[in-house]
Amino acid sequence: DECLPGFFGKDCEPCNCGIGNIQNGNCSSTGKCFCSINYKQPKCNECSSGYFGSDCTMCNCNDHSQSCDLSDGKCIDCENNTLGFNCEKCKDGYYR
């Protein structure tokens, strides 16, 4: 027997995939949801690293950070002697 779409397992439990699911609420036979790149496994209801906000928008860190604050998008741990909300400024003594 097979489960209806949106359900999985021998008891046909609901997938409960989040907004980031790219398979119309469907999941694997183990209950793992199929997430778009900006949402993370297993349920596609939290942002992946490098994304923020309720719609998991990509962080804008000018290629100087891999992550940002999940609520407001402020870049975390700016690299390459940069600083600022989007790692857009040079630290004192550095220039582009």
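Cysteine 87 lies in the loop between β7 and β8 (89-90), where strands (E, at least two residues) and helices (H or I, at least four) are DSSP runs numbered from the N terminus. Phi of cysteine 87 is near 55°, a positive value in a residue other than glycine, and at 0% relative accessibility cysteine 87 counts as buried (buried means under 20% relative accessible area, exposed over 50%, and partly exposed in between, with a 1.4 Å probe and protein chains only). The model is predicted, so that local features need pLDDT of at least 70 and side-chain atom pairs count only at pLDDT 80 or more, while totals for chains, interfaces and linings use all residues. Residues are numbered from 1 along each chain as its sequence is written, and side-chain values use heavy atoms, with hydrogens and water left out.

**Backbone geometry**

- Asparagine 81, in the loop between β6 (75-76) and β7 (82-83), has a positive phi of about 60° although it is not a glycine.
- With a relative accessibility of 32%, asparagine 81 counts as partly exposed.
- Glutamine 41 and proline 42 are joined by a cis peptide bond with omega about 5°, and proline 42 is found in the loop between β2 (13-14) and β3 (51-52).

**Salt bridge**

- The count comes to 1 salt bridge, the term being a side-chain nitrogen of Lys or Arg within 4 Å of a carboxyl oxygen of Asp or Glu.
- The side chains of lysine 40 and glutamate 46 meet in a salt bridge, at 3.4 Å from N to O.
- Lysine 40 counts as partly exposed at 38% relative accessibility, and glutamate 46 likewise counts as partly exposed, at 45%.
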